[in-house]
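Please open the model in your viewer and keep the selection tool at hand. The stops below say what to select and what is there.

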Amino acid sequence: MIEVKNLTKKFGGTMAVDGISFTVNKGEILGFLGPNGAGKSTTMRMITGFIPPTSGTAIIGGADIFSDSIAARTKMGYLPENAPVYPEMTVTSYLEYCASIRGFKGAQRKSRIEEALEKCFLKDVRHQIVGTLSKGYRQRVCFAQSILHDPEYLIMDEPTDGLDPNQKFEVREMIKSMSADKVIILSTHILDEVDALCTRAIVIAKGRVVADKTPNELRAMSSLHGAVSITLAIDDASAADGLSGVEGVKKTEITGKENGISILVYPKTPESPIADGVVKFTEDKGLRVKSIFVEQGRLDEVFRNITS
Ligand SMILES: Nc1ncnc2c1ncn2[C@@H]1O[C@H](COP(=O)(O)OP(=O)(O)O)[C@@H](O)[C@H]1O
Ligand SMILES: [Mg+2]
């Protein structure tokens with residue numbers, strides 16, 4: 001596992017990371033979420049030993065990243081922000097170089113590189129100069145570098161940033177397919193990514209952890225969680241008032257008046273299910289329902305509330 005213990009980083013007068021602690025276990029894909037400038041990259045640079053912390057430390061599979069740095073880094077792969085790769089090398093020569101630094105030689109080095117090329121869909125461009133590749137491919141080259149040694153611990157800083165939707169999908173699938181026997185931490189500011197990929201999300205703002213939950217638990221913090229969204233065929237102004245009187249309902253809000261009327265019905269507490277009561281109301285009043293669904297809650301709303 002990875003244990004992050006009270007990591008703190010001060011740049012001059014700026015407190016970039018302010019006492020962050022968490023533990024991640026095998027099989028988990030931890031999404032590190034936060035607005036720009038929240039301290040995601042700085043935290044990852046400290047976990048991977050690229051910059052020293054002001055205080056605190058990270059333990060990677062039992063090895064302290066600062067006092068036992070080589071042992072810790074041997075087990076770890078790191079995809080830094082913006083995929084820094086040497087532009088003048090070919091894909092294969094860059095990966096050969098990285099594999100040599102990792103201590104691989106001969107046939108083993110060859111097979112490691114072949115596997116990484118295969119996993120990252122890079123076989124077709126293996127002899128191309130890195131600087132002539134599109135951004136999506138450069139990202140994959142950097143990805144290949146991070147998994148060359150099949151690390152138990154994988155730290156990725158915005159792995160899908162700048163990719164088109166198809167490439168994002170591919171990279172996410174790649175990450176998922178590798179996750180079973182690894183500890184994965186990835187940062188993102190894309191909420192969909194947390195849903196698509198992560199088993200757990202840590203939200204940070206101004207260098208501090210403000211939430212540590214599963215994506216569903218996070219969504220349940222939304223004011224919309226458990227609300228019933230209903231569209232009636234005919235704009236009946238009294239319907240919203242009537243729905244306010246249904247047992248367990250806190251309030252109603254008219255959200256649209258195209259082709260009938262759309263009403264959002266909020267429960268008093270997210271735990272009190274109100275859908276049955278809402279349906280019964282429409283039946284009793286003979287109102288024709290065009291659509292009805294229970295809101296799960298919205299990550300963007302939760303994200304805004306806890307990070308601003
Ligand atoms: N090398 C540095 N020198 C000074 N300030 C820095 C440095 N790196 C990051 N910062 C500051 O630390 C804060 C967190 O930055 P960063 O970790 O890059 O955030 P994120 O990755 O969440 O966008 C920001 O205010 C940023 O300006
Ligand atoms: Mg960053």
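Select strand β4 (residues 55–60) and β5, which pair in the antiparallel sense over 2 bridges; strands are DSSP runs of E of at least two residues, helices are runs of H or I of at least four, both numbered from the N terminus, and two strands pair if DSSP finds at least two bridges between them. Ile 60 has Ala 63, in β5, as its bridge partner. This is a predicted model, in which local features need pLDDT of at least 70 and side-chain atom pairs count only at pLDDT 80 or more, while totals for chains, interfaces and linings use all residues. Residues are numbered from 1 along each chain as its sequence is written, and chains are lettered from A and ligands numbered from 1 in the order in which they are written.

Next, select Pro 151, which sits in the loop between α5 (135–147) and β7 (153–157). Is Pro 151 buried or exposed? Pro 151 counts as buried because 22 C-beta neighbours lie inside 10 Å, the cut-offs being 20 or more other C-beta atoms within 10 Å for buried, 12 or fewer for exposed, and partly exposed in between, with C-beta atoms placed from the backbone.
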